[in-house]
Amino acid sequence: MVPDVYAPFQIKDGELIMDGDRMVLNAYDASAIEEALVLTEKYGGEVAVVCVGASKASETIRKALAMGASKGFHIQLNGDEKYDSKSYASILAAFFKDQQYDVLAFGKQSQDSDSGLTGGMVAQLLDLPYSTNAVGLDISESALIVKRQGDTGQEMIELPTPCLVTCSNDMNEPRIPNLKGIMASKRKPIEGISIADLDVDDSALNPSTKVTSYAPVPARTAGQMFEGEPEEIATKVAQLLDTQANAI
Amino acid sequence: MSTILTYVAIADGKVKRSSLEVLSHCKRLADSAGFSCEAVIIDENASTFTSDVSKYGASKIYTVSGSAFANHQNGSLIKALTTTIKQSSPKVVAFASTESTKDVLGALAANIGAGVVADVSSFELDGDNVKAQRPMMAAKIMGNVDVTGDKILVSVRSGSYDLNEHAVDSEIIELEAHVSESDLRSTLKEIISSTGDTIDLNEADAIVAAGRGVKDEEAKALITELASVLNAGIGASRALTESGVYDPSLQIGQTGKVVSPQLYIAVGISGAIQHVAGMSNSKVIVAINKDADAPIFEVADYGIVGDLYKILPPFIEEIKKIKN
């Protein structure tokens with residue numbers, strides 16, 4: 001569950017002011033859920049989802065159940081914790097330690113902070129083979145085959161299970177729950193878990209990063225617009241790029 | 001004396017410029033704080049790159065060589081990094097924020113119990129801590145972040161810092177990192193290189209980016225020609241990589257690559273926030289679009305309202321003239 005990056009916001013005295021009700025399912029996680037559903041529909045098995053968040057997170061979990069996941073876990077927070085990737089990774093690792101799974105699928109980053117750290121941290125804490133930025137997933141003889149997007153091309157990587165993968169939203173278009181799925185989701189179980197139930201100590205929960213303030217992105221000076229005869233304006237801009245901007 | 005260690009990445013037989021940008025900044029930080037500025041190269045032929053790295057002020061350069069590092073694999077890279085960190089005992093380890101870095105950064109931090117901040121646009125030392133600035137919320141705002149830890153890892157967006165040569169005599173230390181089966185865990189089965197000899201967009205000085213307006217072979221050819229006269233990399237919006245017009249490695253945006261070249265020319269790109277999040281820090285932005293209301297014009301330094309088929313040919317001609 002992440003803040004809706006399309007929602008309006010203000011920065012006042014370094015504080016970020018947003019409508020607390022505009023929360024959405026992280027787009028990258030939605031792709032992870034979608035691909036998990038595609039794989040279980042093809043090869044059998046089930047998809048369970050877990051979300052760490054305040055009470056509103058149950059709505060996000062319900063959406064995943066409406067997409068087709070069979071059960072949900074809600075690790076409950078108050079909502080005022082200043083957790084970071086390290087905190088979330090510690091919580092999730094403690095949770096997964098007692099779970100049975102073949103693949104842990106994460107979104108590769110969250111839409112609000114874009115750090116992309118949590119998945120890798122959890123893989124390390126659980127000592128799982130992992131890959132990141134998956135743009136394709138398949139299963140072959142109980143191994144997970146990951147198509148990973150690298151810097152200049154793609155790689156095909158084979159991961160023995162149990163394993164972890166972080167997913168790109170380039171992988172698929174997450175399905176929009178239909179009415180049948182929404183009705184069915186109301187009957188699917190969501191287990192509530194408190195941090196106290198998990199074996200995670202305070203030093204692990206303690207964030208190593210703290211956002212001390214927010215600031216607007218430095219504004220670019222207003223640009224120049226050119227309209228009119230194509231040949232004229234194209235030539236003009238090319239010249240300005242040379243003489244004015246020193247960019248060619 | 002405390003140490004700042006910079007990871008210097010190699011690709012296509014060259015030291016990556018984005019790494020040298022980070023090293024240049026780390027050298028400045030080290031000099032101000034009285035820290036040692038060190039670097040590590042991990043590659044099949046790591047030792048062949050030490051003289052390039054000396055030019056940027058690393059007084060100690062660790063090299064980890066071997067066939068295990070011929071291709072990127074997170075297991076072997078993490079093993080080599082932890083081995084180096086044990087030797088160097090740095091306070092800060094800095095990386096350019098590339099896909100390879102993203103593949104290891106979180107796991108490495110958890111492995112050594114380090115504080116970590118990713119994808120920063122700037123960072124400074126602050127006593128025992130690090131202060132960083134990083135874009136958040138689809139790069140609509142900047143967050144000021146304090147990072148704590150006995151060791152702190154930082155990854156830096158490419159183009160955040162300029163190259164700054166500062167040649168020194170470097171001590172070269174060759175390290176052995178034995179990568180075993182249990183380190184690897186995953187198997188790299190195949191590498192699918194992107195089409196042709198595309199420039200890594202994080203390394204490019206100039207980028208020509210194609211959007212939905214680039215609909216056919218004629219338009220693609222114009223993009224290729226413009227990129228060629230500018231010696232620019234070619235990038236694309238998500239619409240075009242999704243439809244297969246361009247390889248996904250060329251995608252620019254919040255999901256794809258975040259770039260900040262000297263010159264960014266957006267052709268037929270409307271300027272959706274996820275795309276802008278990937279290029280808004282470019283030094284000079286030119287936009288060509290038929291629609292005067294396209295949001296891309298809000299970030300462009302030079303906005304050309306017009307049909308790309310009519311604009312690009314004279315634009316290319318004039319640039320050719322200027323370059324000769």
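## Salt bridges across the interface

A salt bridge here is a side-chain nitrogen of Lys or Arg within 4 Å of a carboxyl oxygen of Asp or Glu. By that rule, 6 salt bridges cross between chain B and chain A. One of them pairs the side chains of Arg220(A) and Asp301(B), at 2.7 Å from N to O.

This is a predicted model, where local features need pLDDT of at least 70, side-chain atom pairs count only at pLDDT 80 or more, and totals for chains, interfaces and linings use all residues. Residues are numbered from 1 along each chain as its sequence is written, chains are lettered from A in the order in which they are written, and side-chain values use heavy atoms, leaving out hydrogens and water.

## How much gets covered

Counting contact as heavy atoms within 4.5 Å, chain B puts in 82 residues and chain A 81. Together they bury about 6,700 Å² (accessible area, 1.4 Å probe, lost on being put together and summed over both), and carbon and sulfur atoms give 54% of that. On chain B, the residues losing the most area to chain A are Met137(B), Arg185(B) and Tyr302(B), which together make up 11% of what that side buries.

## A strand pair between chains

Strands, as DSSP runs of at least two residues numbered from the N terminus, also pair up here; pairing takes at least two DSSP bridges. Strand E10 of chain A (residues 153-160) runs antiparallel to strand E13 of chain B (residues 187-193), with 6 bridges joining them. Within this pairing, Gly153(A) has Ser193(B) as its bridge partner.

Definitions and conventions:
Buried area = accessible area lost by both parts, 1.4 Å probe. Helix = DSSP H or I, 4+ residues; strand = E, 2+ residues; numbered from the N terminus.
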